[in-house]
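Morning, everyone. Please have a look at the model on the screen.

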Amino acid sequence: MAAPKSSRRDDSSISDKDLSEQIKAATKDSHVRAENTALMQNYQKGQITLPQYKLLLCSLYEIYKAMEEELDKNLSHPGVAPIYFPQELARLEALERDLGYFFGPEWQKRITVPAATHIYTQRLRKIGKENPKLLVAHAYTRYLGDLSGGQVLGRITQKAMGLKDDRGVSFFSFPGVPSPNRFKQLYRSRMNSIELSKEEREEMLEEAVRAFELNIKVFNDLQRILSVTDASENQDVSERKPNAGFSPVFQFAVGVCVALATLGMGIYAF
């Protein structure tokens, strides 16, 4: 399937070397679409439940597992080496701690991962094998988005679920990055140092758009599931107790939609 074409109006005013700004411009429309999702706004209001958050962690675990394993495999690639910061940015161990906290020592046997998440991980595996430099678009989108919104989201999550300490929210903490703003400047500078031909640069921008579009496609698919499930649940709403558990399909869908909302919230702080 061909990558979605980006709509850019201001590329001519951006230096050819300023890849980070070009990605930001290329994905502007996707930013806005993600930012205005109802689920993202609900997350900001603290309207997230423990089942939703646990499913969010499951989805993020699979995404980061694929991305970080592919980055590790390609750490010496000239297109990857400049932005390879495992000590500062790696999220996999933090996610494993969070999953262990909520699911117990055998968490790997208990996690649930939606099919739509596998579509994204398959893309990461594919480019890691065939075109590693495109991992940059995904790493920039994912890491800097989480780094930008991590502290705020961590506090929202703690408050919403009544967590007393940082257990269960390790994902949002970046102990290896004492100054997020300075680190983001460094990261963008390293990105901009990557040598790309005109064709490779265009391919990179399209991959950044693809990353957003894959997530938005997941959101749209799950929104349809939510609508169907919600209509079914409403038929017997009077029989349910307040705050009763939702159906597995509902939990499943909302969890991943919240993951998309998290992406949209964080990345816009680039």
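**A glycine and its neighbours**

Leaving aside residues up to four places away in sequence, Gly79 touches Lys133, Val136 and Ile194. Touching, or contact, means heavy atoms within 4.5 Å. Before I go on, a word on the source: this is a predicted model, where local features need pLDDT of at least 70 and side-chain atom pairs count only at pLDDT 80 or more, while totals for chains, interfaces and linings use all residues. Residues are numbered from 1 along each chain as its sequence is written, and side-chain values use heavy atoms, with hydrogens and water left out.

Back to Gly79. Where is it? Gly79 sits in the loop between H4 and helix H5 (86–89). Is Gly79 buried or exposed? Gly79 has a relative accessible area of 4%, so it is buried. The cut-offs are these: buried is under 20% relative accessible area, exposed is over 50%, and partly exposed is in between, using a 1.4 Å probe and protein chains only. Now look along the chain to Met191. Gly79 and Met191 are 112 residues apart along the chain, yet their C-alpha atoms are separated by 8.7 Å.

**The whole chain**

Let's zoom out. How many helices and strands does the chain have? The count is eleven helices and zero strands. From the N terminus on, the order reads α-α-α-α-α-α-α-α-α-α-α. Helices here are DSSP runs of H or I with at least four residues, strands are runs of E with at least two, and numbering starts from the N terminus. The chain has 270 residues, and buried residues make up 52% of them. Take the contacts with a separation of 6 or more: residues 24 or more positions apart account for 82% of those.

**How the helices pack**

Two packed helices are described by the angle between their axes and the distance between the axes. Axes are lines fitted to C-alpha atoms, for helices over the stretch in contact, and angles run from 0 to 180 degrees between N-to-C directions.

Start with H1 and H9. Helix H1 covers residues 19–26, helix H9 covers residues 180–192, and they pack at an angle of about 100 degrees with their axes 7 Å apart. That makes H1 roughly perpendicular to H9. The classes go like this: under 35 degrees is roughly parallel, over 145 is roughly antiparallel, 65 to 115 is roughly perpendicular, and the rest is oblique. Which residues make the contact? From H1 we have Leu19, Ser20 and Ile23, and from H9 we have Arg188, Met191 and Asn192. By class, that contact of H1 with H9 has three nonpolar, two polar and one charged residues. Nonpolar means Ala, Val, Leu, Ile, Met, Phe, Trp, Tyr, Cys and Pro; charged means Asp, Glu, Lys and Arg; the others, Gly among them, are polar.

Next, H4 and H8. Helix H4 (residues 50–73) and helix H8 (residues 135–161) have axes that come within 12 Å and cross at roughly 155 degrees. H4 and H8 are therefore roughly antiparallel to each other. Their contact includes Leu50, Tyr53 and Leu60 of H4, and Leu135, His138 and Ala139 of H8. The residues of the contact of H4 with H8 divide into ten nonpolar, two polar and four charged.

H4 also packs on H6. The axes of H4 and helix H6 (residues 92–103) come within 9 Å and cross at roughly 150 degrees. That makes H4 roughly antiparallel to H6. Among the contact residues are Leu57 and Cys58 of H4, and Leu99 and Phe102 of H6. Here the division is twelve nonpolar, no polar and five charged.

**Sites from the record**

UniProt, in an unreviewed entry, places the feature "binding site" at Lys24, His31, Tyr140 and Arg188. UniProt positions are in the numbering used here, feature names are shortened, and annotations may be inferred rather than shown by experiment. Lys24 lies in helix H1. Lys24 counts as partly exposed, because its relative accessibility is 31%. Tyr140 is in helix H8. At 1% relative accessibility, Tyr140 counts as buried.

**Two last residues**

Leu214 lies in helix H10 (residues 198–234). It counts as buried, at 14% relative accessibility. Leu214 touches Ile119, Tyr120 and Arg123, not counting residues up to four places away in sequence. Finally, Phe172 is in the loop between H8 and H9. Phe172 has 7% relative accessibility, so it counts as buried.
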